[in-house]
Amino acid sequence: MKNVKPRKEVPGLIVDTVNGMQWKLRDQKPENFIMIVFYRGLHCPVCKKYLEELNEKVDQFKDKGVNVICVSTDTKERAQKTVSEWDIDNLTIGYGIATEDARKWDLYISKAIKDEEPDVFSEPALFLIRPDNTLYAGAIQTMPFARPKFDELLKAIDFVLEKDYPARGEV
């Protein structure tokens, strides 16, 4: 049974952020969507490239009424290192999501296969959530590959807003 379904309320999410604030999903008041990007963590070069691309486009999402946060299971120290080593200064970076909370979002969990990886960590996912905290769209990965493309997502948001296109996959 899936925990995260279109048109249904998503699990709560509260994370500390590298900028010292606590981010709470239920406190977000976006014009159109909240976009949560779950990433694998500091050890992942694919995540680095993905978040750096998002960093360049985050203002385009904001212009469309989308609040963006990126979250990992990394520790505070690893998340701070991520911010200092990656070019992601425009992004809000949350850290420390517990494995049991990642599972509530239906994220896949992996064990380390290399020394630089944490013992366990979540695989990537991207969710678009309506202001009423219901899921609009989601992409959950088992590997670091095959993630949604930000340019395509920006175009899709335009279409969704223009046509008032409903969430799909709820049955």
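Helices here are DSSP runs of H or I with at least four residues, strands are runs of E with at least two, and both are numbered from the N terminus. This is a predicted model, where local features need pLDDT of at least 70 and side-chain atom pairs count only at pLDDT 80 or more, while totals for chains, interfaces and linings use all residues. Residues are numbered from 1 along each chain as its sequence is written, and side-chain values use heavy atoms, leaving out hydrogens and water.

**Strand 8 and its hairpin**

Now select all of strand 8 and strand 9. They run antiparallel, joined by five bridges; two strands count as paired if DSSP finds at least two bridges between them. Look at the hairpin they form: it has five residues between the strands, and Asn 133 takes a positive phi near 70 degrees there.

Next, show the side chains of strand 8 (125-129). Which way do they point? Ala 125, Phe 127 and Ile 129 go one way, Leu 126 and Leu 128 go the other, and all are buried (buried is under 20% relative accessible area, exposed is over 50%, partly exposed is in between, with a 1.4 Å probe and protein chains only).

**Across the sheet**

Step over to strand 3, which runs antiparallel to strand 8 with five bridges between them. Pick Met 35, and you will find its bridge partner in strand 8, Leu 128.

Carry on to strand 4, which runs parallel to strand 3 and is joined to it by six bridges. Ile 36 stands opposite Ile 69 here. To get from strand 3 to strand 4, the chain goes through helix 1 (residues 45-63), making a right-handed β-α-β crossover. Right-handed means that, with the strands pointing away from you, the path from the first strand over the helix to the second runs clockwise. Why is strand 4 largely enclosed? Five of its six residues are buried, so the rest of the structure largely encloses it.

Strand 5 is the next stop, parallel to strand 4 with two bridges, and Cys 70 has Ile 93 as its bridge partner there. Strand 1 pairs with strand 5 in the antiparallel sense over two bridges, and Thr 17 stands opposite Gly 94.

Zoom out: this is an open sheet of seven strands in the order 2-1-5-4-3-8-9, with mixed pairing. Strand 2 and strand 9 stand at the edges with a single partner each, so one side of each has no neighbour in the sheet.

Rolling a probe the size of a water molecule over the atoms shows where empty space is left. On a 1 Å grid over the protein atoms alone, a cavity is a set of points where a 1.4 Å probe fits but cannot get out; a pocket is an open set with protein on both sides within 12 Å along at least five of seven lines; lining residues have an atom within 4 Å of a point.

Select Val 37, Phe 38, Tyr 50 and Arg 147, which are among the residues lining the largest cavity. Strand 3 and strand 8 are the elements giving two or more residues to that lining.

**Last stop**

Finish at Glu 170, in the segment after helix 4. Is Glu 170 buried or partly exposed? It is partly exposed, at a relative accessible area of 28%.

Methods: Contact = heavy atoms within 4.5 Å. Axes fitted to C-alpha atoms, helices over the stretch in contact; angles between N-to-C directions.
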